[in-house]
Structures are given as C-alpha cells and as structure tokens.
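Open the model in your viewer and keep the selection tool at hand. This tour goes stop by stop.

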Amino acid sequence: MKKKLLMFLCLVMMIFILPITAFADPGDGNIDGGGGGMGDGTSTNTWTPGHDGVRVTVIRDSDNAPVSTPIDYTNITPSNNITHFGKVSKIVYRNGAALTPQIGDYVCVQPPIAMPRIISSGSVTVSIDEIKRYFCSEYAAELVANNVGMDYDDLISGEYKLLLEPIAYFTFNGAKVCMTATEAAMYDMQLDGGLRSKMASLTHKNLPLAMFLEVSDLGYPAWNGSTDARVNNDQIISSLGLGIVRYKEQPPDLEVETADYEYRTDTEVITSITLSTGSRLTPDNPASVTFSIMGSSYTMSNIVIPAGGSQVVWCKWRTPSTPQTVTINVTSNSGSISNTNIKAKIVDLNQNPPPNPTARDRNDNYTLPSVPSRPQQVSASWNVWRCYWESKWEKCWHTDPDGSSWYHWVDNGDWKYTSDSYSASLSATGQTKPDDKAVTAFGKNMKSGYGINIEINARVSTNAPGSHTTWAQNAVSYFPEFSYNTYWRLLDRIVSGYNATLELKQNKYSTYNRRVHFTPPWFPNATYTTYTQVIDAWTPAGMLCMNVTDYVNINQSVFDDWRVAPKK
C-alpha cells in the first residue's frame with residue numbers, strides 16, 4: 001500500500017522531571033511536564049524506576065467515543081499473579097464504570113522497539129522529545145493499528161485519535177499491582193486514603209503528572225496546576241493521567257538512535273576501531289589515532305602498517321558514574337579509520353534489584369522456567385603490526401680525479417613487517433550455597449524463604465600487555481522466581497585483578513546486612529538454579545563474557561521451622 005507523503009500533526013501530553021510551562025499554537029505539540037523525586041518506600045510498598053507503561057485506546061474524533069479495547073504497552077514482563085483492574089479507559093470510568101479487581105491473566109504487549117521511560121523519579125530522567133517522537137511516529141501508529149485490528153490508513157485518516165494513559169507497575173502491601181493514574185485515584189478513594197498513605201510520590205505525583213493536557217480535549221481541561229507537587233484524587237480523575245495523539249496526515253518514521261557500544265557505569269572499558277592504509281606506515285612516518293572522550297584525549301601512537309594493510313586501534317578509559325550517551329570522536333593523522341564518530345551508551349545495571357519477598361507472597365501457578373542459554377564470548381585474538389629494519393650492506397664505489405677508485409659501505413636495506421599475535425580468554429566458576437543464617441540448611445539442601453550466597457571466580461588469561469585488556473569487572477545474577485528476567489542482582493568485586501572474586505552486593509533487606517538473595521517462601525520443592533553473567537572483560541577485539549550456573553535444592557519452607565511453644 002503506497003503511503004502519501006504528508007505533514008503530520010501530533011498532540012501528546014506528558015510530564016517529566018524538568019518543569020515546563022508552554023502553550024502550543026494550533027498544529028504544534030500539546031506537551032507539558034513536571035514531576036519530582038521519589039521516596040525510598042518499604043519492602044512491601046515499592047516502585048522501581050522504569051516499571052511503567054502506557055494504555056492506548058483508539059477514540060472516534062466525532063463523538064469522543066472509544067472504538068477499541070485498550071492495549072497496555074510496557075517494556076517489562078509483569079508478574080504472573082499481578083493484581084489489575086482489566087482494560088478500562090479513563091473515558092469509560094468517567095461514564096460510570098466501576099473498578100473490578102482481578103488477579104493474574106493480565107495481557108500486555110512488549111513493543112519490538114522499546115518505549116522510552118514514561119514516569120520520572122529522583123534517579124531517572126525522562127526525555128519529552130523521545131516520548132513525543134515515539135508515540136507520534138508511523139511505527140507507533142502501525143503497532144496500534146495491528147494490535148487493535150484496524151486498517152492503518154483508517155487510523156491515521158483524521159477520524160480517530162489515541163488516548164494515552166500512563167501505567168505504573170509496583171508493589172503495594174506486598175502484592176504486585178498495576179494501574180493507571182485514574183485507577184489509582186479511584187482505588188485510593190475505596191481505601192479511604194490507604195494507597196496515598198503508602199505510595200503518594202508515585203500514585204499522587206509522578207504517575208498522574210506523567211501525562212496531562214496542555215490544550216483541552218476529550219472533555220478534559222488543560223492542566224494549569226503545579227507540576228512538581230502531590231495532587232488529590234479529584235484532580236487526577238478530572239484532569240490528569242492522560243495524553244492524546246491526534247492524526248491529520250501521515251506520521252513521520254520513528255528514528256531510533258542506536259549505540260555502537262554499550263558499557264556499564266564506572267567501568268574500565270576498551271573502545272576500538274580499524275585503521276587501514278594504502279601506503280605503508282613506517283617508524284619514519286608512523287600513524288597516530290586520537291580518541292576524544294568527555295573532554296579527555298587518548299592517543300595510540302607509533303602505529304606501523306604495511307601497504308594495503310590494516311590493524312585494530314584502541315583506547316582504554318573509564319566510563320562515567322551516571323547513565324548517559326557518550327559521543328567518542330576519533331581522528332588519525334594518516335590512513336583511513338573505520339569510524340570517526342562512536343556512540344557509547346552508558347547504563348546502570350544496579351537500577352533493578354528484586355523486591356523483598358514476604359510471608360504473604362504467593363505464586364500458585366508457578367512453573368520452573370528453563371535456564372537461559374545466552375551468547376558467550378570466552379576468547380578473543382588480535383594482531384599488532386611491528387616494523388624492523390633489515391640491513392642490506394652494499395659497496396658504493398667512487399673514482400677520484402687521479403683515476404684511483406675507492407668504496408664505502410651503504411645500507412640499502414628496507415623496513416620489514418611482522419605481526420605480533422595476542423589473545424585473551426575468560427574462565428569462570430561459581431558457587432551458590434545457603435547463607436550461614438539458614439541454620440537448618442545442610443550442604444546444598446535448604447528450605448525456601450532463607451537466603452543464598454553466590455560467589456564467582458573469574459580468571460582472564462592473556463599474553464598481551466596490560467594496556468590491551470581489562471579483567472572481568474562485573475557480574476549479574478538472575479533467579480528462577482523471576483523467570484531469569486525482570487529483576488537481577490549485581491555482584492561486588494571482592495578481589496580485583498585478572499583472577500577476580502565477586503560476591504552478591506549487600507542486601508538492604510537483610511537484618512545482618514548480608515550478601516544474600518532471599519528465596520521466596522512459596523518456591524516449590526525443586527532445584528533452585530541461579531544464572532550469572534560474568535561481563536566487562538574488555539579486549540581490542542571486544543568484550544569477553546561467560547555464563548555460570550549453580551544450584552541449591554529446595555525442600556520445605558521457612559514455615560516448617562516454626563514451632564509453637566507449649567503452654568506451661
């Protein structure tokens with residue numbers, strides 16, 4: 001189906017950390033924002049930044065009536081036993097629909113191209129431009145049309161618009177829940193303020209202010225109140241927690257910025273490119289390559305390469321301590337380089353530790369997942385050209401005016417090239433065992449509800465100089481109760497170096513501040529297998545990584561260790 005190239009008008013209403021107050025002219029984006037920090041929460045009432053989504057409903061423009069069942073989009077995998085209120089839009093609630101709590105059977109869509117984060121917090125910055133670009137795109141329109149069963153051209157014809165509602169996935173009173181801002185307000189009213197008393201920064205600030213109108217539409221007013229303060233239930237229901245995408249003509253393509261490298265925060269890494277040359281580079285005219293990174297320059301000099309040859313060239317540097325995208329500019333005084341502009345995405349893996357399991361947690365429909373088999377790279381090799389002079393001494397004769405002859409020796413040698421081969425390999429072993437505080441554990445056998453320890457030994461073997469490689473710096477552990485997804489724990493380097501030891505970070509829910517992961521009390525009598533990825537052993541040929549699994553045997557639960565003392 002041939003698509004006409006037309007201009008597109010998109011109206012989206014959003015909220016973010018940075019307060020913005022602006023009113024759009026007709027045809028401009030209908031966007032505003034606000035928000036603020038989040039409290040620390042408790043083990044039974046908590047929200048993790050990034051655990052958000054958007055409920056999308058197709059609305060007929062002529063009468064503002066919903067014409068589709070809402071679709072929930074999220075980047076995460078929600079819990080199997082999550083509590084929710086079905087698929088009901090803000091407009092249907094306004095028309096009199098009541099809250100209908102349900103447990104499990106929650107259906108959502110994880111878009112192939114991940115959404116930008118929707119809800120702000122003190123530690124996470126969201127981009128209004130990224131969100132507008134995503135939801136106003138041709139990609140989003142095609143995705144929605146496909147999911148609701150509409151013809152794409154009908155959806156963007158100007159007869160329909162999209163109602164967007166932010167969704168939060170969080171833990172409330174120990175139960176996994178998801179709800180829109182409107183549902184949170186209605187639920188809080190049923191609880192006589194019980195939700196607000198525990199989760200106010202999320203449910204009564206950042207969630208409802210995640211989307212609001214700058215220009216009135218759908219019978220809802222523009223929001224002119226505070227963008228960084230808590231709001232009440234009436235304000236949420238009447239004015240907050242919604243955004244609109246309105247189509248007049250063909251939406252633009254979604255341009256997703258991709259990164260050349262993904263690094264972890266505060267990690268020593270290696271960035272490499274390839275230098276090629278048509279004419280030879282010798283010690284008399286060597287090449288040098290400079291990497292410009294965040295105000296610092298890293299130069300690899302005295303590079304020699306034979307004519308028509310190439311070589312990997314690199315720099316070792318430390319990433320910043322905060323997540324961001326870093327642009328690396330690369331220049332060379334000779335030859336040609338494979339990449340002059342490198343995008344490096346710096347991520348913080350420590351943003352998603354599991355919530356604390358509680359005695360009331362249940363997962364009656366749980367089945368043991370398969371242990372993942374993710375790609376590994378346990379060895380790498382690379383070559384570096386070296387140049388040496390090979391002498392060729394020859395007599396050079398001279399004739400004097402008197403006819404006498406004499407000679408001297410001349411070195412008519414030349415530069416010769418040889419290649420030094422380097423390699424590195426990663427090996428890792430791991431041990432998962434019951435924590436010492438699990439007093440009824442024996443060997444590999446323990447009851448559910450107690451903690452486990454994970455220790456990883458990671459060894460990097462190499463024949464290269466230290467400037468070529470790093471040791472294994474990070475490890476990430478995943479657990480079966482989360483299907484080796486959703487949540488993870490980082491490990492600390494207890495011993496650094498090429499023979500490193502890593503252990504779980506201290507658990508903030510541990511009374512004794514132990515390096516533990518608590519198994520859920522509901523876990524069945526079965527083998528509990530941990531899965532750890534050892535990462536960030538960098539070489540000029542890329543990152544080495546390895547997967548390590550180990551287990552404990554679960555039989556009975558912590559409740560079986562409880563005893564009722566007889567009355568005296």
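**Stop one: a threonine and its contacts**

Select threonine 48: it touches Gln351, Asn352 and Tyr487, leaving aside residues up to four places away in sequence. Contact here means heavy atoms within 4.5 Å. Threonine 48 sits in the segment before strand 1 (52–60). Strands (E, at least two residues) are DSSP runs, numbered from the N terminus. Is threonine 48 buried or exposed? At 13% relative accessibility, it counts as buried. Buried means under 20% relative accessible area, with a 1.4 Å probe and protein chains only.

A word on the source: this is a predicted model, in which local features need pLDDT of at least 70, side-chain atom pairs count only at pLDDT 80 or more, and totals for chains, interfaces and linings use all residues. Residues are numbered from 1 along each chain as its sequence is written, and side-chain values use heavy atoms, without hydrogens and water.

Two strands pair if DSSP finds at least two bridges between them. Zoom in on strand 14 (324–332) and strand 16 (341–347): they pair antiparallel over 6 bridges. Pick threonine 325; its bridge partner in strand 16 is lysine 345.

Move to the open antiparallel sheet in the order 13-10-15. Strand 13 (310–318) and strand 15 (336–337) each have a single partner strand, so one side of each lacks a neighbour in the sheet. Select strand 10 (268–276), which pairs with strand 13 over 9 bridges. Finish on valine 269, whose bridge partner in strand 13 is tryptophan 317.

Definitions and conventions:
Helices (H or I, at least four residues) and strands (E, at least two) are DSSP runs, numbered from the N terminus. Buried means under 20% relative accessible area, exposed over 50%, partly exposed in between (1.4 Å probe, protein chains only).
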